[in-house]
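Let's take a friendly walk through the surfaces where the parts of this structure meet. Have the sequence and the 3D view ready as you read.

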Amino acid sequence: MSSAAGELHSGEQHGEELHEVRLTVNGSARTARVPARRLLSDCIRHDLRLTGTHVGCEHGVCGACTILLDGRPVRSCLLLAVSADGADITTVEGLAAPDGTLSPVQQAFTECHGLQCGFCTPGFLTTITAGLQAVPDPDDEQAREMIGGNLCRCTGYQNILASVHRAAEIIRERAASNGSGTGQPAAATPAGPA
Amino acid sequence: MSSLFGARVQRVEDDRLIRGHGAYLDDLGPDALAAAFVRSPLAHARITDIDVSGALKVPGLVAIYTYQDLPARLAEPLPLLIPHPALTHGRTPYALANGEVNHVGEAIVMVVAADRYLAEDAADLIDVSYEPLPAVVGLDAARAAEHLVHDDVPGNRAANAVQEHGDTAAAIAAAPHVLELDLEIERSASTPLEGRGVLARWEEQQKRLVVWTSTQTSTGVRAAVAAKLGLDLSQVDVITPDVGGGFGVKIVHPWPEEVLVPWAAQQLGKPVKFTEDRREHFIASAHERGQQHHVTVGYDHEGRILGLDVRFWHDNGAYVPYGLIVPIVTSTQLLGPYKPGAYRVEFDSLYTNTVLVTPYRGAGRPHGCFVMERTMDAIAAELGLDRTLVRERNFIQPGEMPYDQGLIFQDGRPLIYDSGDYPALLTKIKDLVGWEKFAPLKEAAAAEGRRIGIGLACYVEGTGVGPYEGGHVVVETSGKVKVATGLTSQGQGHQTILAQLVADELGVPLADVEVVTGDTRRFGYAVGTFASRTAVMSGSAVTLAARKAKEKALRVAAEAMEVSPADLEIIDGIVQVRGDPDSGISLGTVAVLSNPLRYAFDEAAKAATQFAGGGDMSRPPVAPDDEPGIEGRAYFSPVRSTFASGMHAAIVETDPDTAEITILRYCVVHDCGKLINPQIVEGQIHGGVAQGVGGALYERMAYDETGQLVNASFMDFLMPYASEVPREIEIDHLETPSPLNPLGIKGAGEAGVIPGAAVLAAAIEDAEAIPIRSMPLSPSDLFELRRRDR
């Protein structure tokens, strides 16, 4: 057994230069000091301690780490945190309304048994949240396409597809009862370019 | 049975999980040190040198451990968990390689550093020198035994086992028809979205170890860690956090990391965490399914099987820590709903220089089902009979239950089916898929130049395997009910179904029941989650525990209300005289009354103090044969497994040019006894079917001849996306109660996957009129079969 100790200098940690990354996360301004090589997924999970975003493959295939970055669904394991400087990010923790009301997609997943172990679920929730903004009333084929890049090992996707349709319905129901708007809570509405 | 049993109750697990508030292994211990491993890049080699000097300069490095650093208990081979008399040459790995590696991915060095990036930096700089040895890859090479995986295991043979019921050779010799078939299934793997992971904290002042691990058995890990670290069980807590899927791979224990990480935490006096990455999961956890089978079957003119002889070869990978469970299950569950006149099965379990093989959902049953159902279809083809007719003629009839197959099952107990109605299942599946109406559809498709085919497959699944599970129920003075059972959850909805059972039994609202699983602090005796056993085992145990708690509550309430317990009922958490809602006292108040206190710390406690008045001054506050509190603890230990059953039917289309295979319809008829929560059972079936489809059409572990797993990523290992699963899985249920447990239930977790390869092979064979003998089948494979068939 051998050991060594890393030294902490200001502006660097364990010999690595640290970079300041400023993000807007779920509506709040957040700052992290990270090495250049730190993945955005690790930054969100371990530096910002928002562990709802999960890492299933670290090579961009499974989609569990999907977040909304400036409104678009992206795989946070394929981005460096430093490259996201200045971005507006929504994670699964930011989907529900500030008062705790579930977003339409979250509500639909609960009603339709759209999750089992729940590990891939945050990536589906963010993906579908963005997907329904682009295609508010998907047919079966469009719903399948919407979730076609996310892996789930538990559900066989049947109830996730049902959740997509139900979420679209809930958005319409909420819009009707509000008299206007999308029915999406503010925090789940991706900011940035359309 | 009252209202919640059988109801489509929404899951209580979901709220935290959909908000991102779940707590999976890597979400815990944010300040823990990180472990990373140097793993073998070679399938078979001697280690000639390990040079760590290059890694010592890495900032943030805390420790490097090799085999030489391990204390005596940790330096022994890891345990062979399930010994068996036939397992004459059982070999298990060392926690860190001791001079030799036997598969790519085997752990050689453990590095601990401030974070995972730094730990991997250091691991990259450790220079291991190897003397390569010939690699044994695949069953052909293992059987040829030109090279050996372990020098002291002749023929690469870990085990040879034989079971026989009747005189099979004589039955086949006397049969009017005999067929021989060679049937093969390739490797796949559980592949949960969350890999393995373990976090440990040593509390030096208390000399206690706390371990969190993504496991299917917290009590098993606790016992293994205590044994390996020389600790008493009472010094070790093992907690299972939210687990991101298991499907079998996480029942194996202890993984090398599960003993090394706690030991390192103890050595370093700091929490240490290991989170497996995806590549590690492919090359350093476990696979399943690889088997070759040779069938000889003798049958009469009606297609009745007179004698069935199955010889098969099981690829167990480099080591056998989980014993022979998979091939034993294949050899016994192969028979499905049928009763051959005589049956002989013999298998060899063989070493190869590949990742070890342990149960993956279905655990040997998919292969057995594939063998039996392909045999049924072959008999039907030879005799020119309808495939369902041949099956029907071989079925065990409902009146023959319980039916003794004359074999020993995986639990070491007789293979006796408890109940089931296979003819009724067949009628249901034929109706559901439209079996009798298919021929004209096929003709019409053919007229358009399209190829479609139909197939079906039947299975019987031993579920609810013993030896036991336990449950604990306590009613708090708030009226809230806390339930614990020792086995673990990986997403099946156990918290929901167990709460349904307890709420029903006690007569309380579902929202007042909270269930904890897999935490040794809450329940110390348990086996684990496998073999579709949770509902049967823990469901029965918590029901019995709740029944005890209810008896106590009624007794205490009856005393206070001066009535007979028999006159009381509990409705919505209120204990009341039957039919008289105004008479009631809340269960929380009963809990207060059950526990005489000295100290008043709140209003409820004040009512229970010794100065609160009341009570018989001539008797002690707690009677000699009584205990304070409203609690129940119970165990359930069935005499043997209960046997669920089902049948799947599929219609496929194959492209005449590209050989692409499309599932047009997929139908399931399933009998798991009484359904606690149909929505959850259907979810289990959906997930199982998707894994069955994956195993039948897409997933294989692609090893090259040197033992490199060339598709060890989600890019290359084709796990189904939504685009690969059937558009709709059509489900019908039959409910044949089990007589072996108080709820009449059978397991449901694995059923969906079992007939996948069998039913799709049958449907493709029907579409193509080419015998299908090996799965999975890709379009390229089918293209090649067509070319050879020409």
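Inside chain A of this predicted model, 19 residues of domain 1 of chain A are in contact with 14 residues of domain 2 of chain A. Which strands each supply at least two residues of the domain 1 side of chain A that touches domain 2 of chain A? They are strand S5 (66-69) and strand S6 (72-75) of chain A. S5(A) makes the largest contribution to that side, with three residues.

For orientation, the domain assignment of chain A places domain 1 at 16-94 and domain 2 at 104-188. Between the C-alpha centres of these two domains of chain A there are 22 Å.

Now turn to the meeting of the two chains. Here chain A brings 52 residues to the contact and chain B brings 53 residues. On the side of chain A that touches chain B, the elements giving two or more residues are helix H2 (104-111), helix H3 (121-134) and helix H5 (158-178) of chain A. The largest share of that side belongs to H2(A), with four residues.

| Side | Nonpolar | Polar | Charged |
|---|---|---|---|
| Domain 1 side of chain A that touches domain 2 of chain A | seven residues | 11 residues | one residue |

Definitions and conventions. Residues numbered from 1 in each chain as written. Chains lettered and ligands numbered in written order. Predicted model: local features only at pLDDT ≥ 70, side-chain atom pairs only at ≥ 80, totals over all residues. Contact = placed C-beta atoms within 7 Å. Domains from an automatic or database assignment. Nonpolar A, V, L, I, M, F, W, Y, C, P; charged D, E, K, R; others polar.
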